[in-house]
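Hello,

Here is the structure for you to look through. My notes on what was found follow below it.

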Number of protein chains: 2
Amino acid sequence: MWVMDNQRFLGERDSWSRAEQFGDGVFETLLVSAGICHALPFHAQRLESGLKRLEIALPEQNLQDMLKDYIEKMINHSALSDGVLKVMVSRGNSARGYGYDRQAKACVRVFYSPYKRPEKACYVNGIEVQYCNTQCAIQPQLAGLKHLNRLENVLAKSELNDGCFEGLMSNHLGFVIEGTMSNVFFEKDGSLYTPELSLSGVGGVMRNLIFKYCERKDISLNVMDIKRDNAEQFNSAFVCNSVMGILPIKTLNKNNMAVGQLSRQLQLAIESGEMYA
Amino acid sequence: MWVMDNQRFLGERDSWSRAEQFGDGVFETLLVSAGICHALPFHAQRLESGLKRLEIALPEQNLQDMLKDYIEKMINHSALSDGVLKVMVSRGNSARGYGYDRQAKACVRVFYSPYKRPEKACYVNGIEVQYCNTQCAIQPQLAGLKHLNRLENVLAKSELNDGCFEGLMSNHLGFVIEGTMSNVFFEKDGSLYTPELSLSGVGGVMRNLIFKYCERKDISLNVMDIKRDNAEQFNSAFVCNSVMGILPIKTLNKNNMAVGQLSRQLQLAIESGEMYA
């Protein structure tokens with residue numbers, strides 16, 4: 001096929017990136033602190049299950065070693081021991097159709113950038129959060145995966161009002177699912193509540209770490225369908241992801257929320273490293 | 001940010017394709033026959049409404065002229081007056097986050113390939129079609145758009161059994177939505193029935209052309225929710241898109257279907273050019 005790029009001829013090609021044509025792949029975003037990614041096994045595990053679900057095969061046997069190798073190479077190359085590593089794995093290249101060759105060579109693209117943490121006040125006092133109109137798709141075959149089809153996150157993010165740090169998205173059934181770039185937890189009377197993600201959303205690495213931590217510490221955690229209307233019964237909540245950690249919600253759609261005790265405990269567990277034990 | 005591509009350092013970049021990172025864009029696939037695309041205004045219209053919905057701005061004032069110009073350039077370049085033109089328009093490049101700069105420069109990528117039409121028997125006798133397990137997302141903000149988030153089409157297509165030409169996808173509510181690369185119409189007692197696409201699916205150019213044709217010819221056409229179980233009441237059906245035209249369904253999940261009279265009439269309208277009037 002012949003290819004043009006913004007009016008410029010690129011010549012003849014056999015194939016083109018399936019990530020670009022279809023979003024045919026998955027990705028991970030890892031926080032690197034002092035040369036280390038604390039959540040490495042969890043990222044490797046999710047990457048592996050995503051690739052399995054999409055039937056994308058990588059030659060690398062051990063994905064944790066692969067990620068570790070990329071971190072080391074990027075640190076050596078950039079001389080930055082703190083940063084964010086984004087790893088995209090796609091089904092490589094093909095012609096224009098949806099069908100693919102099962103022998104196609106997967107493509108790994110890695111980005112490493114400096115990371116600017118949210119200000120300390122965001123962690124201490126919390127952040128402003130709003131509800132977004134853009135929904136999370138109901139798509140059971142893709143739910144949980146951190147795949148490359150992220151148009152709805154782009155649209156939801158673009159809705160955010162000035163001063164709003166994050167937006168919460170619901171699905172068509174009216175269930176709260178997640179933030180545009182985070183998972184959400186609610187807190188009440190010493191228990192945590194977080195949305196069920198079997199129909200919609202991304203199963204975040206920090207969400208998974210919190211699950212394990214709560215299990216170890218015998219903290220009551222409920223994974224359930226939470227209607228947006230019912231979310232008002234909770235007076236504490238936080239959003240989280242593996243890069244920024246845990247950010248309490250100060251206001252949700254302008255309504256005040258308090259920082260919960262468990263939210264604080266989980267923040268401390270990240271700081272002390274106990275979260276990654 | 002520093003970039004690596006399959007273990008190879010590409011150096012430092014400011015940004016990377018948002019099509020590849022997020023599927024942040026839309027596309028059109030046009031059939032060019034003897035140098036002409038009959039459905040050009042319809043493709044231009046859908047492209048325009050897609051870009052508007054995603055708030056992606058192109059410098060080109062007239063998208064029909066832009067598409068026409070690409071067709072001419074590709075024909076001159078390739079010396080092929082018949083082929084398929086795929087035009088992807090994305091929100092250009094950015095760093096790793098979902099947020100974007102509203103001044104970002106959109107990117108147009110164009111592919112032109114020879115087209116191999118399905119065999120004549122597919123048009124005359126029909127094709128084998130199966131139901132897919134992979135669902136169409138329920139996502140009202142993206143429904144109707146031909147956007148670049150096409151992972152579910154990829155997964156659905158990969159389900160097809162040998163000999164099956166196309167697969168029908170339903171959404172989580174159990175409504176039949178479309179084929180992996182086509183829209184679907186059912187026929188009964190001189191009327192046509194096609195799924196409502198306000199929650200899921202792509203509003204195809206051929207679907208739209210059929211709507212206009214039925215209006216002109218006073219053919220009864222019903223756009224409605226069709227449960228998969230209710231689809232059995234129809235004994236004729238076809239799938240369609242603007243590239244391959246109209247293909248009757250010979251068997252649906254191994255059950256025989258007859259080629260409908262209206263299906264034939266619509267096929268003839270494409271051949272005579274009346275469909276594009």
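**Strand pairing and the contact between chains**

Val110(A) stands opposite Met4(B), which lies in β1(B). This is a predicted model, in which local features need pLDDT of at least 70 and side-chain atom pairs count only at pLDDT 80 or more, while totals for chains, interfaces and linings use all residues. Residues are numbered from 1 along each chain as its sequence is written, and chains are lettered from A and ligands numbered from 1 in the order in which they are written.

Strand β7 (residues 107-113) of chain A is joined to β1(B) by four bridges, and the two run antiparallel. Strands pair if DSSP finds at least two bridges between them. Helices (H or I, at least four residues) and strands (E, at least two) are DSSP runs, numbered from the N terminus.

The contact uses 54 residues from chain A and 54 residues from chain B, where two residues are in contact if their C-beta atoms, placed from the backbone, lie within 7 Å. On the chain B side, β1 (2-5), β3 (16-17), α1 (18-22), α3 (63-78), β7 (107-113) and α5 (151-158) each supply at least two residues. β7(B) gives the most, with seven residues.

**Helix α3(B)**

α3(B) has 16 residues and reaches 22 Å from its first C-alpha to its last, close to the 22 Å expected at 1.5 Å a residue; the expected span is 1.5 Å times one less than the number of residues. Its buried residues are Leu63(B), Met66(B), Leu67(B), Ile71(B), Met74(B) and Ile75(B). Seen down the axis of α3(B), these fall within an arc of 165°, so they line one face of the helix. The arc is that of the directions from the helix axis to the C-beta atoms. Asp65(B), Glu72(B) and Asn76(B), on the other side, are exposed. A residue is buried if 20 or more other C-beta atoms (placed from the backbone) lie within 10 Å of its own, exposed if 12 or fewer, and partly exposed in between.

The cover over the buried residues of α3(B) includes β1 (2-5) of chain A, along with β4 (25-32), α2 (40-54), β5 (83-90) and β7 of chain B.

Regards
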